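This report describes selected features of helix packing, helix geometry and nonpolar cores. The sequence and structure are shown below.

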Amino acid sequence: MAENTPSPQDHLPLTPAVFNIMLALADGEKHGYGIMLDVENNTSGTVQMGPGTLYGSIKRMLKAALIEESDERPDSDLDDQRRRYYRLTGSGQRVLRLEAERLASQVATARAKNLLADLVSGSSQ
Amino acid sequence: MISGLPDTRIVNISLRVYRVLLASYPQSFRQEYAPHMLQVFGDYTRRVYQQRGLASLIWWWTLTFFDFANSVLEEHLQGITNMTKEKFIRLGSWALMLGGITLFIGFLVSGESSAFGRSAFYRNIEDFLWVSMPILFATGYAALRRQYRDKMGSLGNFALLAGVITSLVGFLGMLAGFILNIEDIVWPSLMIFFMSAMLAMALLGFDALKRGYLPRWGSFPLIAGGLPILALMLQLILEDRPWGNTPIDPIIERMPLLFAIGAFLMGFMLLEDIKGVEKSS
């Protein structure tokens, strides 16, 4: 049965919350709390995601098949068995890559317009 | 492991408060995610409090509260937008019936000769009835439009859309007027809603008569919307008449009741229609 499944492009642009969650899952499956900590680390603490935004986004990402629940559980001694783990689907990985390319292209445009001159000179010091 | 750290009293209180807040989410979302949200909130709250102290906990709570308010609204709105056509029409039909009843009661309790007197209690009830009415009519008109959109002409389509928009404008105006206690906003807003809602029903009736898409009482929207408008206009024209009151004045004054009955019947017709559609499918 042929269904109208959206192409990866249809998901773009991603909301900042979805992009951050997908970025957190890019290096492997994580549970909700793990995602929250990873987002905080990846953004140097500038983004603190609340549980409402986190699970609201997770719900929509599951529906869009960008992520899926993982059946695998780590050793029960190491973690709480009630936790749900999430990982990127193949489609999710493609969407994340496309969004990263889109953002990189925007950054390149900003750089070409010398908007990042201060940042570049600041980081080289 | 963070979960293994001892709870402090303040963290436990935070968890209890957050559990209460979680009850505000839609039921399906709550059943699926509330335990996980509570667990994540608990873990993060313990971490923040034990590693960074009370000031950080207060900051986290501020962030959490805004996150909660935003996401609870989003989840409820999504529930509405994801509602099936049939569910929405059913909701709209009830809203229109309730709008008719509310208008009927609102009309009875208002005015100098109110049957309920002028105590503060009834005044509050009256204010509530007036403010809630535009929302009920907006929902009902949106449902009517959704049900008959494919059959109605551009006049009916435009009339209902304009009816929805002006009802919402009237609602916001009345709400602002009551909150800010400015009577000068309330009455014009009520009149905007009232006139546009009646005009929308009259135009819908005209369109429905022409195209014959209403399953029953086809001529009633035109009568229920059109006659009260004519009566109101007549009242305005005859306001400063030199010959005093006439025997038809009480009839003219009660014309909005006809509109209330019309709204109720339209809601009832819509409900019956959607029930029929659901049965046949």
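At what angle do helix α1 and helix α2 of chain A pack, and how far apart are their axes? The model discussed here is predicted.

## Helix packing in chain A

Helix α1 of chain A spans residues 16-25 and helix α2 of chain A spans residues 32-42; the two pack at an angle of about 100°, and their axes are 9 Å apart. Because angles of 65 to 115 degrees count as roughly perpendicular, α1(A) is roughly perpendicular to α2(A).

On the α1(A) side, the contact involves A:Asn20, A:Ile21, A:Leu23, A:Ala24 and A:Leu25, which meet A:Ile35, A:Asp38, A:Val39 and A:Asn42 of α2(A). By class, the residues of this contact comprise six nonpolar, two polar and one charged.

## A bent helix in chain B

Helix α2 of chain B covers residues 27-52 and bends by about 55° at B:Tyr33. After α2(B) comes B:Gly53, with a positive phi near 90°.

## Nonpolar cores

The largest nonpolar core contains 46 residues, and B:Tyr141, B:Ala200, B:Met201, B:Ala263 and B:Leu270 have the most contacts inside it. At least two residues of this core come from each of α4 (85-109), α5 (120-148), α6 (154-180), α7 (183-211), α8 (220-237) and α10 (255-280) of chain B.

Residues up to four places away in sequence aside, B:Met201 touches B:Pro221, B:Ala224, B:Gly225, B:Phe259 and B:Gly262. A second, separate core has 35 residues, including A:Val95, B:Tyr18, B:Val40 and B:Phe41.

Conventions:
Residues are numbered from 1 along each chain as its sequence is written. Chains are lettered from A and ligands numbered from 1 in the order in which they are written. This is a predicted model: local features need pLDDT of at least 70, side-chain atom pairs count only at pLDDT 80 or more; totals for chains, interfaces and linings use all residues. Axes are lines fitted to C-alpha atoms, for helices over the stretch in contact, and angles run from 0 to 180 degrees between N-to-C directions. Helices (H or I, at least four residues) and strands (E, at least two) are DSSP runs, numbered from the N terminus. Angles under 35 degrees count as roughly parallel, over 145 as roughly antiparallel, 65 to 115 as roughly perpendicular and the rest as oblique. Two residues are in contact if their C-beta atoms, placed from the backbone, lie within 7 Å. Ala, Val, Leu, Ile, Met, Phe, Trp, Tyr, Cys and Pro count as nonpolar, Asp, Glu, Lys and Arg as charged, and the others, Gly among them, as polar. The bend at a residue is the angle between axes fitted to the seven residues ending there and the seven starting there. A nonpolar core is a set of buried Ala, Val, Leu, Ile, Met, Phe, Trp, Tyr and Cys residues joined through C-beta atoms within 7 Å. A residue is buried if 20 or more other C-beta atoms lie within 10 Å of its own, exposed if 12 or fewer, and partly exposed in between; C-beta atoms are placed from the backbone.
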